[in-house]
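The tour below goes from one selection to the next.

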Amino acid sequence: NKLTNEELQNALSRFTLEGEVKSCSPYGSGHINDTFLVEAGRKYILQRINSEIFTKPRELMENVDLVCRFMTEEIKKQGGNPERESLQIIKTKDGSLYYEDEKKNFFRMYLYITDCKAFDLVEKPEHFYESAYAFGHFQKLLSDFPAEKLHETIPHFHDSPQRFQHFLKAVEEDKYDRKKDCEEEIQFFLSHEKDLSYALALLKKGELPLRVSHNDTKLNNVLFDANTEKALCIIDLDTVMPGLSIFDFGDAIRFGANTGAEDEEDLSKISLSLPLFSLYTKGFLEACGSSLWEKEILSLPEGAKIMTLECGMRFLTDYLQGDSYFHVKRPRHNLDRARTQIALVKDMEKKWTEMKEEVQKYLP
Ligand code: ADP
Ligand code: MG
Ligand code: MG
């Protein structure tokens, strides 16, 4: 539902801004929230939080606030500029982190980060490297943050063993009589149950630490300095939660180092690009290698494999359950997506030695 001008003006009037509001217009190419650029005495970003996806705006904003304040202190210690290197929340006139109107629209305000650009697609390898460096730097800035203080705003988000159970249930129920189309794919995930529980088992044993995970490591969630084209700041902290560093890394590899599209029908186009894997590893570990545990560095390839398995299994689960979660544009769209993820895992398994050797280079 579209916001009316009255609703926007009302929301704007609730925040403490410098100067008079001169304009407020739709901004950026995000798909989740409604984003507006506000020009007053200085520039701001106003967002209506997507409340269909984020059902707990209070917890969400508490997470963003905790993380931003911690990063701000770290950036100051390092002599950086927190207004350009981190999001800064602008509170409402009554001191709240967000404003809720009568129609249950949730609004929040940030300082606008000036002289930046965002890219929707990797136009050159440097972008991928910079993005890796930025997410590594984010991890580094938050390496002493007590991650258990964050709310789990989307419970069991990367609980792969639980997602495996949901998958089993979908296979068993076979409500849409689609099992017959995907016996081989089902077998593939059944034979990878152990892989899926690898990381959470290590977390339980204390061999991997709980970290702040970003959970949406897309390129356009990194702001680049408009002049130097160096990554400057990580934004879009809506899905910040307690999690694993290797999952943020792994998901970025899953969608960024695949040589084909996520729904490619010609599986011969799907593979893991080792050069891109190496480049992302380099950027990520140059930024945060010194603050990660040895076991985290060594488990980065597992992170990539688990994220790909988990994602593929979710596509197949959705196919079996009648495509109720992911939007589909053709009848077997989710099955095609599951197949690309399987093909990518198979290629990772072929290149496993190289992947492991690559990360070992960065051990202290
Ligand atoms: P979504 O969840 O919809 O992707 P984002 O928080 O990523 O929302 O914001 C959408 C876009 O708005 C970003 O890709 C970026 O271009 C721009 N943007 C968001 N916050 C800021 C900010 N503080 N300063 C400058 N640009 C921003
Ligand atoms: Mg975004
Ligand atoms: Mg988002």
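Begin by selecting Phe-326. Leaving aside residues up to four places away in sequence, Phe-326 touches Arg-314, Phe-315, Asp-318, Asn-334 and Arg-337; contact means heavy atoms within 4.5 Å. Phe-326 sits in the loop between helix 11 and helix 12. Helices are DSSP runs of H or I with at least four residues, strands are runs of E with at least two, and both are numbered from the N terminus. From Phe-326 to Arg-337 there are 11 residues in sequence and 10 Å in space, C-alpha to C-alpha.

Some conventions apply throughout. This is a predicted model, in which local features need pLDDT of at least 70 and side-chain atom pairs count only at pLDDT 80 or more, while totals for chains, interfaces and linings use all residues. Residues are numbered from 1 along each chain as its sequence is written, chains are lettered from A and ligands numbered from 1 in the order in which they are written, and side-chain values use heavy atoms, with hydrogens and water left out.

Next, select helix 12 (residues 333-350) and helix 13 (residues 352-360). Their axes come within 4 Å and cross at roughly 70°; axes are lines fitted to C-alpha atoms, for helices over the stretch in contact, and angles run from 0 to 180 degrees between N-to-C directions. Helix 12 is therefore roughly perpendicular to helix 13. The scheme counts angles under 35 degrees as roughly parallel, over 145 as roughly antiparallel, 65 to 115 as roughly perpendicular and the rest as oblique. Met-348, Glu-349 and Lys-350 of helix 12 meet Trp-352, Glu-354 and Met-355 of helix 13.

Now show helix 7 (residues 193-205) with helix 11 (residues 300-320). These two pack at an angle of about 125°, with their axes 9 Å apart. Helix 7 and helix 11 are therefore oblique to each other. On the helix 7 side, the contact is made by Asp-195, Leu-196, Tyr-198 and Ala-199; on the helix 11 side, by Glu-302, Lys-305, Ile-306, Leu-309, Glu-310 and Met-313.

Three strands form an open sheet in the order 7-9-10, with antiparallel pairing; two strands pair if DSSP finds at least two bridges between them. Strand 7 (116-117) and strand 10 stand at the edges with a single partner strand each, so one side of each is left without a neighbour in the sheet. Strand 7 pairs with strand 9 over 2 bridges, and Lys-117 stands opposite Phe-224 in strand 9. Strand 9 (residues 222-225) is joined to strand 10 by 3 bridges, and the bridge partner of Phe-224 in strand 10 is Ala-231. Strand 9 and strand 10 form a hairpin with 5 residues between them, and Glu-229 in the turn has a positive phi of about 60°.

Finally, select the magnesium ions, ligand 2 and ligand 3. Which residue bridges them? Asp-236 does, and the two ions lie 3.9 Å apart. The magnesium ion (ligand 2) is coordinated by Asn-221 (OD1) and Asp-236 (OD), at 2.1 to 2.2 Å. Asn-221 lies in the loop between strand 8 (211-213) and strand 9 and Asp-236 in the loop between strand 10 and strand 11, so the pair ties together parts that are 15 residues apart in sequence. The magnesium ion (ligand 3) has Asp-236 (OD) and Asp-236 (OD) as donors, at 2.2 to 2.4 Å. Donors are N, O and S atoms within 2.8 Å of the metal (3.2 Å for Na, K and Ca), and water is not among the atoms, so sites may look incomplete.
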